[in-house]
Amino acid sequence: DIIQETEHPTVGRFKTIRPVWNFSDTKAELRMPPPTLGQHTEEVLRGLALQAEELQRLRHLEVIR
């Protein structure tokens, strides 16, 4: 019972491995599909204190999307 089918916004339905641990009252399941490439880049970089101007510069240089 380790395989779980999930929906992804760009590739559709696919099978993946669910978390291998379980708790007595809660079965571990995936709640979200894997992120797309770059989906959380801006959020992570803002968390590292990069300002909007620096993010824009990195986008312009095609370092990030």
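Author: We go from the basis of the model to its strands, its surface and its salt bridges. This is a predicted model, where local features need pLDDT of at least 70, side-chain atom pairs count only at pLDDT 80 or more, and totals for chains, interfaces and linings use all residues. Residues are numbered from 1 along each chain as its sequence is written, and side-chain values use heavy atoms, with hydrogens and water left out.

Reader: Start with strands. To which strand is E1 joined by 6 bridges, and in what direction do the two run?

Author: First the terms. Helices (H or I, at least four residues) and strands (E, at least two) are DSSP runs, numbered from the N terminus. Two strands pair if DSSP finds at least two bridges between them. Here E1 (residues 3-8) is joined by 6 bridges to E2 (residues 12-17), and the two run antiparallel. The hairpin between E1 and E2 passes through 3 residues. Within the pairing, Thr 16 in E2 is the bridge partner of Gln 4. Lys 15 in E2 stands opposite Glu 5.

Reader: Which way do the side chains of E1 point?

Author: The general idea comes first. In a regular strand the side chains alternate between the two faces of the sheet. Along E1, one face carries Gln 4, Thr 6 and His 8, which are buried.

Reader: Take one from each face. Are Gln 4 and Ile 3 buried or partly exposed?

Author: Gln 4 has a relative accessible area of 9%, so it is buried. Ile 3 has 46% relative accessibility and therefore counts as partly exposed.

Reader: What does the side chain of Gln 4 reach?

Author: A polar contact is a pair of N or O atoms within 3.5 Å; within protein, one must be able to donate a hydrogen and the other to accept it, and residues adjacent in sequence count only if both atoms are side-chain atoms. The Gln 4 side chain reaches the backbone nitrogen of Leu 30 at 3.1 Å. For contact in general, the rule is heavy atoms within 4.5 Å. Leaving aside neighbours within four places in sequence, Gln 4 is in contact with residues including Phe 14, Arg 18 and Glu 29.

Reader: Which residues form the nonpolar patch on the surface?

Author: Patches are made of residues with over 30% relative accessible area and no salt bridge; like charges are joined within 9 Å, nonpolar side chains (Val, Leu, Ile, Met, Phe, Trp, Tyr) within 5 Å. Areas come from the Shrake-Rupley method with a 1.4 Å probe, and for residues only the protein chains shown count as cover. In this model Ile 2, Ile 3, Ile 17, Val 20, Trp 21 and Phe 23 form the patch, with about 660 Å² of accessible area together.

Reader: Now charges. How many salt bridges are there in the whole structure?

Author: Side chains of opposite charge can pair when their charged atoms come close. A salt bridge is a side-chain nitrogen of Lys or Arg within 4 Å of a carboxyl oxygen of Asp or Glu. The whole structure has 5 salt bridges. One of them joins Glu 7 to Arg 13, with the closest N and O atoms 3.4 Å apart. Glu 7, at 43% relative accessibility, is partly exposed. Arg 13 is partly exposed too, at 49%. A network of salt bridges links Glu 5, Glu 7 and Arg 13.

Reader: Which side chains meet Glu 42 in a salt bridge?

Author: Arg 46 meets Glu 42 at 3.1 Å, N to O. Arg 46 and Glu 42 are 4 residues apart in helix H1, so about one helical turn separates them. Arg 59 also meets Glu 42, at 2.6 Å, N to O. This pair links distant parts of the chain: Arg 59 is in helix H2 (residues 52-60) and Glu 42 in helix H1, 17 residues apart. Glu 42 is partly exposed at 34%, and Arg 59 is partly exposed at 26%.

Notes
Buried < 20%, exposed > 50% of the residue type's maximum accessible area, 1.4 Å probe, protein only.
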